[in-house]
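User: Hi! I am new to protein structures and would like to learn how to read one. Could you take me through it feature by feature?

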Amino acid sequence: MSMRRDFWDQPVEVIVGDGDHLKSIRNSRDALAYLMTCWPREKAASFATAKKICTDAVHGRADAAAAALAFKVAAEEAGVLR
């Protein structure tokens, strides 16, 4: 599977830390890293969904667009979507 296919059409802008830094998430691999390291302590069901779909996308088992959407929904719910 090529890395190229995993790039999202639109980056998802998320807040890092206390909200003074922003990060552009451009693919499922970056999304997973953010989910595992920067996510707020409270984790809604959308977090688990995003984590699974992004993992699947990294391994070529899910669509990059589906991963981007799941991540965006989870980020919005967690209050980290810019």
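**Reading the model step by step**

Analyst: Happy to! Let's begin with a turn: S1 and S2 form a hairpin with 4 residues between them, and Gly17 in that turn has a positive phi of about 70 degrees. Please keep in mind that this is a predicted model.

User: In which sense do strands S1 and S2 pair, and over how many bridges?

Analyst: Strand S1 covers residues 7-16 and strand S2 covers residues 21-27. They pair in the antiparallel sense, over 6 bridges. You can follow individual partners too: Phe7 has Asn27 as its bridge partner in S2, and Ile15 stands opposite Leu22 in S2.

User: How should I picture the side chains along a strand?

Analyst: Here is the general idea: in a regular strand, side chains alternate between the two faces of the sheet. For a case here, take His21, which lies in strand S2. Not counting residues up to four places away in sequence, His21 touches Val14, Ile15 and Val16. The side chain of His21 also makes a polar contact with the side chain of Asp20, at 3.2 Å.

User: Now for helices. What should I look at there?

Analyst: In general, an α-helix has 3.6 residues a turn, so residues three or four places apart point the same way. Now look at H2, which has 14 residues. From its first C-alpha to its last, H2 reaches 20 Å, close to the 20 Å expected at 1.5 Å a residue. Just after H2, Gly60 takes a positive phi of about 80 degrees.

User: Which residues of H2 are buried, and what covers them?

Analyst: The buried residues of H2 are Ser46, Phe47, Ala50, Cys54, Asp56, Ala57 and Val58. Their cover includes S1, helix H1 (28-37) and helix H3 (64-78).

User: What does Ser46 make contact with?

Analyst: Ser46 sits in helix H2, residues 45-58, and has a relative accessible area of 12%, so it is buried. If we leave aside neighbours within four places in sequence, Ser46 is in contact with Val73, Ala74 and Glu77. With Glu77 there is also a polar contact, side chain to side chain, at 3.1 Å.

User: How many aromatic pairs does the structure hold?

Analyst: There are 5 aromatic pairs. In one of them, the rings of Trp39 and Phe47 have their centres 5.7 Å apart and their planes at 50 degrees, so this pair is tilted. The reasoning uses two cut-offs: planes under 30 degrees apart would count as stacked, and planes over 60 as edge-to-face. Both Trp39 and Phe47 are buried. Trp39 and Phe47 belong to one aromatic cluster together with Trp8, Tyr34 and Phe71.

User: Which charged end sits over the ring of Phe47?

Analyst: That is the charged end of Lys43, 5.3 Å from the centre of the Phe47 ring.

User: How exposed are Ala66 and Glu76 in helix H3?

Analyst: Ala66 is found in helix H3 and counts as partly exposed, because its relative accessibility is 34%. Glu76 is found in helix H3 and, at 57% relative accessibility, counts as exposed. The cut-off for exposed is over 50%.

Key: Residues numbered from 1 in each chain as written. Heavy atoms only, no water. Pairing = 2+ DSSP bridges. Helix = DSSP H or I, 4+ residues; strand = E, 2+ residues; numbered from the N terminus. Buried < 20%, exposed > 50% of the residue type's maximum accessible area, 1.4 Å probe, protein only. Polar contact = N/O pair within 3.5 Å; in protein donor to acceptor, adjacent residues only side chain to side chain. Contact = heavy atoms within 4.5 Å. Phe/Tyr/Trp six-rings, centres within 6.5 Å; stacked < 30°, edge-to-face > 60°. Lys NZ or Arg CZ within 6 Å of the ring centre and 35° of its normal. Expected span 1.5 Å × (residues − 1).
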